Amino acid sequence: QLKLGADRQGKLLACAADVVQRGGAHGGYGIVTILYAGALLNAIYEIPNVRYKGRRVLTNTPANGAMRGHGTVDVRFAFESALDMLGKKLGMNPARLRQVNLLRNTPRLTVNDLFVNSYGYPECIDKVLAASGYMEKQGQLPFGKGVGIAGSHYPSGAAKPVNRSNMPQATVTMKLDTDGSITLFTGAADIGQGSSTTMMQIAAEVIGIGPHRFRVVAADSAITPKDNGSYSSRVTLYVGNATLEAARKMRDELFQAAARGLKVFPVDLELVDDTFRVIAEPEQKLSWNEVVELALEYQGTLITKGTYATPKITQGGSNYRGAGVGASPAFSYSAQVVEVEVDVKTGKINIEKVHVAHDCGFALNRLSAEGQIEGSVWMGMAQGRQEETHYENGLPLAPNLLDYRFPTMMESPDINTILVESNETGGPFGAKEAGEGSLAAFLPALANAVEDAIGVRITDLPLTPEKVFDAMQQARKAAAKAAKPMPVPAARAAGD
């Protein structure tokens, strides 16, 4: 259950949420999921008063684990759906209602001590409105066609490490060897998000050389330093910052070696096309391999290390239980507009177009960032339209990929991806997460679009054709009942 309170101008005054999650047979990651469900009611809109009750219930079903956007998806669906319902009551355009309630005076702490540093959500809304023509289409399309808008956000990792120690939350080492190559060692696992490539790009940019000089060794516990794991969209910001430090140290070592060889100060040098040269006298130079030989003199293989731990909040944060909830000082933001056509005879939803703008701070690898965002939208589409689990006596009724419904490429919509770069000062080169924040916005945007198309609000996911058709039938019956004249008593009808 979720309730919103606002004044007549649409300014949110309060939010109350009561969330119950089915947790399966074991605790697992559940305590974090139910925590995120309440904590992330904040940090996207200005809400001065928030009450949250969360219950994680052990059930006779398989154990659960964390999944993309865990903890936020269902609650964000409820919140963004409720925003549209509130806008309807107030006679206010849904997009305008969201703009009225944007966070003010960032950087800042929220009421539950989440530190919002970079905040690109306003620009995300502006971008999708302009790209989609939402303001002209909303409420104006033919029956069966509709558009919906929604927003979402997600943290870049957790400020409090899982192992609750004073160890760094990310460590990276680099090794320069006699062949002139640099090997980057990280414990962070590349699970398809492209983190190994991104770490190499950060190191190459800092040192000033091409990627051909690098080799990345990831997640080999025999030789790589410990990492806390690839979860909660932490790798780019956390491991990226550690990579940044290790690369700066390697660059310093190389420039000092070149300065010794050229008998100048390091500040007098530049590195261009694998050549160290004196800025004032470019003809005085050393090749990359020559500088590598100088750097390795008397010590052999050169190793540098970089670490990262999240900074402590020093802006008056509270110490009450749950303050800050371990979320990092970097949140991504996403706004989406979904365009749909509903077959009024069957209830089937055809998603015609998705416009998504995602604030990733700075896109270190634009292709990878766009792919992550599109993947989030696609997973949101799957959860919003088809995916669901049913159990009988604790056993799943759809235990295989033939019975479990999920979308295919045939059902994938056209996705217009827009990158918004707000420059997260706490991230490497301004970067923050891009892999989870766009998932949760799709589901409410879809439901809002369906209501715009057929005038019926559906609050139960997924929006299967059966549910949509049944909702339309119920609406027709309710409308017919409301229009039916009151029965006249027989005596009155006879003129008595």
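These are my notebook entries on a predicted model of one protein.

**Confidence**

The mean pLDDT of the protein is 92, and 94% of its residues reach 70 or more.

**The largest pocket**

Next I went looking for empty space. Rolling a probe the size of a water molecule over the atoms shows where such space is left. I noted a volume of about 1,600 Å³ for the largest pocket. Which residues lie nearest its centre? I wrote down Gln 21, Arg 22, Val 73, Asp 74 and Gln 383, out of 40 residues that line the pocket. The elements that give two or more residues to this lining are β2 (12-22) and α2 (73-90). Of the elements, α2 gives the most, with 8 residues. I also sorted the lining by class and got 18 nonpolar, 14 polar and 8 charged residues.

**A pair of helices**

Two packed helices are described by the angle between their axes and the distance between the axes. Helix α7 covers residues 235-262 and helix α8 covers residues 288-296. I have them packing at an angle of about 95°, with the axes 8 Å apart. Angles of 65 to 115 degrees count as roughly perpendicular, so α7 and α8 are roughly perpendicular to each other. From α7, the contact uses Leu 254, Ala 257, Ala 258, Arg 260 and Gly 261. From α8, Trp 288, Val 291, Leu 294 and Ala 295 take part. By class I put down 7 nonpolar, 1 polar and 1 charged residues for this contact.

Last, I checked the backbone. Most residues other than glycine have a negative phi, and most peptide bonds are trans. Where do the exceptions I noted sit? I found Asn 105 in the loop between α3 and β4, with a phi near 60°, a positive value in a residue other than glycine. In the loop between α3 (94-100) and β4 (108-109) I also found Pro 107. A cis peptide bond joins Thr 106 to Pro 107, with omega about 0°. Another cis peptide bond joins Leu 461 and Pro 462, and there I noted an omega of about -5°. Pro 462 sits in the loop between α10 (439-454) and α11 (465-483).

Key
Residues are numbered from 1 along each chain as its sequence is written. This is a predicted model: local features need pLDDT of at least 70, side-chain atom pairs count only at pLDDT 80 or more; totals for chains, interfaces and linings use all residues. Side-chain values use heavy atoms; hydrogens and water are left out. pLDDT is the predictor's confidence in each residue, from 0 to 100. On a 1 Å grid over the protein atoms alone, a cavity is a set of points where a 1.4 Å probe fits but cannot get out, and a pocket is an open set with protein on both sides within 12 Å along at least five of seven lines; lining residues have an atom within 4 Å of a point. Grid points are joined across faces, edges and corners, and a volume is the space filled by probe spheres set on the points. Helices (H or I, at least four residues) and strands (E, at least two) are DSSP runs, numbered from the N terminus. Ala, Val, Leu, Ile, Met, Phe, Trp, Tyr, Cys and Pro count as nonpolar, Asp, Glu, Lys and Arg as charged, and the others, Gly among them, as polar. Axes are lines fitted to C-alpha atoms, for helices over the stretch in contact, and angles run from 0 to 180 degrees between N-to-C directions. Angles under 35 degrees count as roughly parallel, over 145 as roughly antiparallel, 65 to 115 as roughly perpendicular and the rest as oblique. Contact means heavy atoms within 4.5 Å.
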